[in-house]
Amino acid sequence: MAKKLAGTMKLQIPAGQANPSPPVGPALGQRGINIMEFCKAFNAKTQEMEAGAPCPTVISYYQDKSFTMDIKTPPASYYLKKAAGLKPVGKRNRPRGAEAPGREIVASVTAAQVREIAEAKMKDLSANDVEAAMQIILGSARSMGIEVKG
């Protein structure tokens, strides 16, 4: 007999850095998921990724307290900020895009970097080929105030 799905939840956790502290622990604990088992499994699955890269994760949990997780690639904005070399600013010490996208340009990336990002994100994008994926990444860059050269 198949397991009965109790629900799903989405979390964005830094690669290799899942731990029982908030926000991960409380979110899992209130749903009856074994927190340490999740943290060990997540960290093992993300050890090949760049440490600290934000990983959107979809967790499906079942009535028997078991779970499955689908770890996606980091957001396009993360890759674009990294490629553009934006420096961390603000309270949370994170790199930011433009405050007025379309009127302000904060950085620039090359077309080759956009292609590289599109190839890395290909499995999570709704694109049939790399050219279509590049258009999606170009749209993200434009909305962040990042100019694409070349």
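Modeller: Two residues are in contact when their heavy atoms come within 4.5 Å. With that in hand, take the contacts in this predicted model between residues at least 6 apart in sequence: 60% of them join residues at least 24 apart.

Colleague: What is the protein built from, in helices and strands?

Modeller: Five helices and seven strands. Read from the N terminus, the order is β-α-α-β-β-α-β-β-β-α-α-β.

Colleague: Which domains is the protein divided into?

Modeller: Domain 1 covers 5-71, and domain 2 covers 76-148. Their centres, taken over C-alpha atoms, are 26 Å apart. The C-alpha trace of the whole protein spans about 55 × 40 × 25 Å along its principal axes.

Colleague: What does UniProt place at residues 9-67?

Modeller: An unreviewed UniProt entry gives the feature "domain: Large ribosomal subunit protein uL11 N-terminal" there. In the model, the end C-alpha atoms of residues 9-67 lie 11 Å apart.

Colleague: Why is S60 called buried?

Modeller: Buried means under 20% relative accessible area. S60 has 16% relative accessibility, so S60 counts as buried. The residue lies in strand β2.

Colleague: What does S60 contact, leaving aside its neighbours within four places in sequence?

Modeller: L5, G7, T8, S66, F67 and T68. For each of these, the contact means heavy atoms within 4.5 Å.

Colleague: Why does M134 count as buried?

Modeller: Set the value against the cut-off again, under 20%. M134 has 12% relative accessibility, so M134 counts as buried. The residue belongs to helix α5.

Colleague: Which residues does M134 touch, not counting those up to four places away in sequence?

Modeller: A111, V114, R115 and A118. As for I117, its C-alpha atom is separated from that of M134 by 7.9 Å. Along the chain, M134 and I117 are 17 residues apart.

Colleague: Which residues of helix α3 are buried?

Modeller: A76, Y78, L80 and A84, in a helix that runs over residues 76-84. To be listed here, a residue must fall under 20% relative accessible area.

Colleague: What do the buried residues of α3 pack against?

Modeller: Five elements: β2, β6 (107-110), α4 (111-121), α5 (130-144) and β7 (146-149). Just after α3 comes G85, with a positive phi of about 75 degrees.

Colleague: What makes the phi of K65 worth a note?

Modeller: The value is positive, near 70 degrees, and K65 is a residue other than glycine. K65 sits in the loop between β2 (54-62) and β3 (67-71).

Colleague: How do you know that the bond joining P22 and P23 is a cis peptide bond?

Modeller: Look at omega, which is about 5 degrees. P23 is in the loop between β1 (5-14) and α1 (24-29).

Colleague: How many side chains are positive and how many negative?

Modeller: There are 21 positive and 13 negative. Lys and Arg count as positive, Asp and Glu as negative. The centres of the two sets lie 8 Å apart.

Colleague: What share of the 150 residues is buried?

Modeller: Buried residues come to 35%. The accessible surface of the protein is about 9200 Å², and 51% of that belongs to carbon and sulfur atoms.

Key: Residues numbered from 1 in each chain as written. Predicted model: local features only at pLDDT ≥ 70, side-chain atom pairs only at ≥ 80, totals over all residues. Heavy atoms only, no water. Domains from an automatic or database assignment. Helix = DSSP H or I, 4+ residues; strand = E, 2+ residues; numbered from the N terminus. Buried < 20%, exposed > 50% of the residue type's maximum accessible area, 1.4 Å probe, protein only. Areas by Shrake-Rupley, 256 points an atom, 1.4 Å probe, with all protein chains shown as cover. Charge placed at Lys NZ, Arg CZ, Asp CG, Glu CD. UniProt positions renumbered as here; feature names shortened; annotations may be inferred.
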